[in-house]
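Open the structure in your viewer and keep the sequence panel beside it. The stops below say what to select and what to look for there.

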Amino acid sequence: MLSLAVLVSLTLLSSSYLLLSLYERAYALENLDGKNEEVTRMNENFNARVLHVHSLVQKVPSLESVVDIQIADVLLGYANSSIDIQAIEILPTGEITNITLRGSALTREALLQFQSTIQNNPSFKDLSIPVETLTKQKDISFNVNFTYHEK
């Protein structure tokens with residue numbers, strides 16, 4: 001009788017241990033799946049940033065300094081899906097940096113919003129879009145000049 005009780009206890013204990021190990025594995029796999037999603041998201045963000053930097057390098061003929069990279073990065077960040085920046089020229093001349101920006105806008109409103117966003121940054125000055133550029137309602141090519149002043 002005692003051996004039967006020990007056998008039943010061992011069976012229950014081993015099945016409990018087996019069940020506990022299965023729960024641990026399921027929990028570990030669930031956590032691993034969550035981590036895989038996080039790693040995948042981080043990898044996608046990294047790849048998007050690499051593409052952004054690559055696009056920046058393509059649009060700016062020569063990046064002379066970290067400030068040039070920062071200027072171009074800010075301007076590309078201001079461009080939403082309605083603005084396509086095709087080229088940025090950055091020419092430092094002492095304390096002032098001259099910037100020429102060439103691109104296209106889907107609508108006049110998008111271009112005006114882009115102009116407003118740039119003008120709201122105190123580092124950028126003297127930006128104005130020629131009136132003849134604003135006569136079109138859609139598919140507007142633009143070429144603007146303005147300056148950057150370090151704070």
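Begin in the sheet: select Phe-124 and Tyr-148, which stand opposite each other, Tyr-148 being in strand 4. Phe-124 belongs to strand 3 (residues 124-125), which is joined to strand 4 by two bridges and runs antiparallel to it. Strands here are DSSP runs of E with at least two residues, helices are runs of H or I with at least four residues, and both are numbered from the N terminus. Two strands pair if DSSP finds at least two bridges between them.

**Before going further**

This is a predicted model, in which local features need pLDDT of at least 70 and side-chain atom pairs count only at pLDDT 80 or more, while totals for chains, interfaces and linings use all residues. Residues are numbered from 1 along each chain as its sequence is written, and side-chain values use heavy atoms, with hydrogens and water left out.

**Stop 1: the whole chain**

Show the whole protein as a cartoon. It has three helices and four strands, in the order α-α-β-β-α-β-β along the sequence. Of its 151 residues, 25% count as buried; buried means under 20% relative accessible area, exposed means over 50%, and partly exposed is in between (1.4 Å probe, protein chains only).

Now colour by pLDDT, the predictor's confidence in each residue, from 0 to 100. The average for the protein is 75, and 59% of the residues score at least 70. Where is confidence lowest, and where is it highest? The lowest mean, 57, is in helix 1 (residues 2-59), and the highest, 93, is in helix 3 (residues 108-119). Select residues 1-14: pLDDT stays under 50 there, and the model has zero contacts beyond four places in sequence for them. A contact means heavy atoms within 4.5 Å. Where pLDDT is low, the predicted coordinates should not be read in detail.

**Stop 2: the other strand pairs**

Select strand 1 (residues 83-93) together with strand 2; 10 bridges join the two, which run antiparallel. Leu-91 stands opposite Asn-98 in strand 2. The hairpin of these strands has two residues between them, and Gly-94 takes a positive phi near 75° in this hairpin.

**Stop 3: the core**

Which residues touch the most other members of the largest nonpolar core? Select Leu-75, Ile-88, Leu-101, Phe-114 and Phe-146; these are the ones, in a core of 25 residues. Helix 2 (66-78), strand 1, strand 2, helix 3 and strand 4 each supply at least two residues of this core. Strand 4 gives the largest share, five residues. A nonpolar core is a set of buried Ala, Val, Leu, Ile, Met, Phe, Trp, Tyr and Cys residues joined through side-chain atoms within 4.5 Å.

Keep Phe-146 selected and show its surroundings. Among the residues that Phe-146 touches are Leu-75, Ile-99, Leu-101, Ile-118 and Leu-127, not counting residues up to four places away in sequence.

**Stop 4: the ring pairs**

The structure holds three aromatic pairs. The rings of Phe-114 and Phe-142 have centres 6.2 Å apart and planes at 50°, so this pair is tilted. Phe-114 is in helix 3 and Phe-142 in strand 4, so the pair ties together parts 28 residues apart in sequence. Phe-114 and Phe-142 are both buried.

For Phe-124 and Phe-146, the ring centres are 5.6 Å apart and the planes at 80°, so this pair is edge-to-face. It links Phe-124 in strand 3 with Phe-146 in strand 4, 22 residues apart. Both Phe-124 and Phe-146 are buried. Rings of Phe, Tyr and Trp (its six-membered ring) pair if their centres lie within 6.5 Å; planes under 30 degrees apart count as stacked, over 60 as edge-to-face and the rest as tilted.

**Stop 5: the loop between strand 3 and strand 4**

Select Asp-126, which lies in this loop. Asp-126 has a positive phi of about 65° although it is not a glycine. Is Asp-126 buried or exposed? Asp-126 is exposed, with a relative accessible area of 59%.

Thr-133 is found in the loop between strand 3 and strand 4 too, but Thr-133 is buried, with a relative accessible area of 14%. Thr-133 touches Leu-111, Ile-140, Ser-141 and Phe-142, not counting residues up to four places away in sequence.
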